[in-house]
Amino acid sequence: MSKQIKLLTAYLGGGSVDGVRNSVSADKFDSLSVKDYEKTGGFTALKKAVFMKPAEVIAEVKKAKLLGRGGAAYPAGSKWEQLLQIPETPKYIVCNADEGEPGTFKDRLIMEKLPLKMLEGMIIAGFVFRAEAGYIYVRGEYRKIQKKLKTAIDNLRCAGYLGKNILGTGLDYDIEVISGAGAYVCGENSALLNSTEGRVGRPRIKPPHLAEVGLFLLPTLVNNVESFANIPVILDMGGDKYLAAGHPDSGGTKLVCLSGHSKNRGVYEIPLGKASLRDIIYDPELGGGINQNKKIKFFHLGGQSGPIGSADQLDTVYSYTDLKKSGLSVGSGAIVVMDETVSVLEYLIGVTEFFIHESCGKCVPCREGNRQLLHFLKKLSEPGAATTADLEALRRIIRTMTDASFCGLGQSAATALSSAWKLFKTEIEANVRPGSAI
């Protein structure tokens with residue numbers, strides 16, 4: 001495992017910073033300096049892309065099998081290809097940097113240590129689609145990062161990589177930073193676009209899809225920070241090599257965020273398909289095991305909206321395909337580790353309270369459903385308060401929320417509860433009143 005880490009984690013160009021182990025240390029150069037970035041190989045991919053046809057760039061992304069790193073895991077190459085086929089102009093490039101998923105902080109690392117890598121990916125997208133403008137929608141709490149990104153963009157303009165007639169190609173393209181206001185729902189792409197336009201950050205009806213009717217009702221590409229940061233890597237090394245570095249169904253590496261009761265909390269770059277969850281959590285060079293050498297009870301993958309897994313699933317290979325087969329998911333890349341002292345019910349109550357706070361209130365299944373989930377979870381935590389009728393009502397609410405909520409927030413709000421209920425049925429139902437009947 002250690003050998004693979006050293007061999008494969010040079011792709012994002014980071015270093016042994018905050019848990020990321022790479023061959024080129026991000027601390028050894030000024031992250032905002034265009035010259036320093038160029039010395040580490042920066043903008044070689046962009047200069048290559050300028051002389052390629054748009055379809056050729058997209059072909060490399062498709063060969064790489066880059067899956068969206070924001071959580072949805074939609075194939076980036078297919079998304080780019082769909083937008084290219086839409087004749088309407090102008091087109092817009094939007095970077096989703098609204099990293100509001102609890103337990104997820106990998107985009108923050110990229111924007112702090114490697115902002116020019118992400119921006120290079122956005123500029124390449126600008127060339128592919130002949131876009132006139134790009135926007136980075138940054139989480140409202142990331143105030144310092146917003147300032148850093150603005151400085152990086154100014155530096156790129158001075159160096160000729162943004163603005164008028166970029167690299168003498170005739171393309172006029174610029175990037176602007178937009179601040180969110182702390183709304184979790186704006187991590188959903190259509191809600192993010194509404195917020196960018198100055199409207200209420202609530203999700204849109206689909207179809208039409210954002211590739212057709214996106215920002216300002218024009219064709220738009222929306223990708224995650226980590227997704228854009230991987231675009232220069234793919235063009236530098238080629239799609240085939242990028243794919244070989246990861247899993248046959250999903251190329252390259254994934255930034256993983258370890259938190260909770262993990263000994264070594266931080267961000268780690270993991271080659272997809274080359275390591276198991278056990279490797280990530282227990283390898284001395286990675287998670288290092290559980291604090292105070294306690295036993296692991298469960299882990300929560302992909303943020304609050306992701307599934308919960310148990311110690312019996314630790315040998316699952318960390319890839320989109322293998323995790324899905326085990327009822328788990330990569331999601332945003334978060335792995336929140338909980339030890340044997342944690343009450344599953346208390347943890348689920350915290351998750352549900354988060355969704356109550358963050359629901360935009362647009363649809364009844366999410367707005368009222370989450371409140372009902374909390375009501376029943378609290379009853380289950382009190383000895384003798386819940387009945388088997390409550391269990392059946394809870395199941396109906398979960399089904400309704402999953403099937404009828406307007407967007408992914410409500411649809412996935414009960415994912416943690418559903419998965420935990422299967423794994424810890426005895427504990428969750430321990431306080432149900434004996435002999436109670438439906």
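Tutor: Start with a salt bridge: the side chains of Lys106 and Glu226 meet at 3.0 Å, N to O. A salt bridge here is a side-chain nitrogen of Lys or Arg within 4 Å of a carboxyl oxygen of Asp or Glu. Keep in mind that this is a predicted model, where local features need pLDDT of at least 70, side-chain atom pairs count only at pLDDT 80 or more, and totals for chains, interfaces and linings use all residues. Residues are numbered from 1 along each chain as its sequence is written, and side-chain values use heavy atoms, leaving out hydrogens and water.

Student: Where do Lys106 and Glu226 lie?
Tutor: Lys106 is in helix H6 (residues 106-113) and Glu226 is in helix H10, so the pair ties together parts 120 residues apart in sequence. Helices (H or I, at least four residues) and strands (E, at least two) are DSSP runs, numbered from the N terminus.

Student: Is Lys106 buried or exposed?
Tutor: Buried, with a relative accessible area of 2%. Glu226 counts as buried too, at 1% relative accessibility. Buried means under 20% relative accessible area, exposed over 50%, and partly exposed in between (1.4 Å probe, protein chains only).

Student: Which other residue forms a salt bridge with Glu226 at 3.9 Å?
Tutor: Arg69, with 3.9 Å between the closest N and O atoms. Arg69 sits in the loop between helix H4 (54-64) and helix H5 (76-84), while Glu226 is in helix H10 (residues 225-237), 157 residues apart. Arg69 is buried as well.

Student: Which residues are linked in that network of salt bridges?
Tutor: Arg69, Lys106, Asp107, Glu226 and Lys254.

Student: How many salt bridges does a search of the whole structure find?
Tutor: It finds 20. Another one joins Arg204 to Glu197, with the closest N and O atoms 3.1 Å apart. Arg204 is buried at 16%, whereas Glu197 is partly exposed at 22%.

Student: New topic: how many aromatic pairs are found?
Tutor: The whole-structure search gives 11. Rings of Phe, Tyr and Trp (its six-membered ring) pair if their centres lie within 6.5 Å; planes under 30 degrees apart count as stacked, over 60 as edge-to-face and the rest as tilted. Phe43 and Tyr161 are stacked, 3.9 Å centre to centre with 10° between the planes.

Student: What parts does that pair tie together?
Tutor: Phe43 lies in the loop between helix H2 (34-39) and helix H3 (44-49), and Tyr161 in the loop between helix H8 (143-158) and strand S3 (174-179), so the pair ties together parts 118 residues apart in sequence. Both residues are buried. Tyr37, Phe43 and Tyr161 form one aromatic cluster.

Student: Now the sheet. What order do the strands take?
Tutor: S6-S5-S9-S7-S8: 5 strands in an open sheet with mixed pairing. Two strands pair if DSSP finds at least two bridges between them.

Student: Which strands stand at the edges?
Tutor: Strand S6 (266-271) and strand S8 (308-310). Each has a single partner strand, so one side of each is left without a neighbour in the sheet.

Student: How do S5 and S9 run?
Tutor: Strand S5 (residues 253-260) and strand S9 (residues 334-339) run parallel, joined by 4 bridges. Leu258 stands opposite Ile335 in S9.
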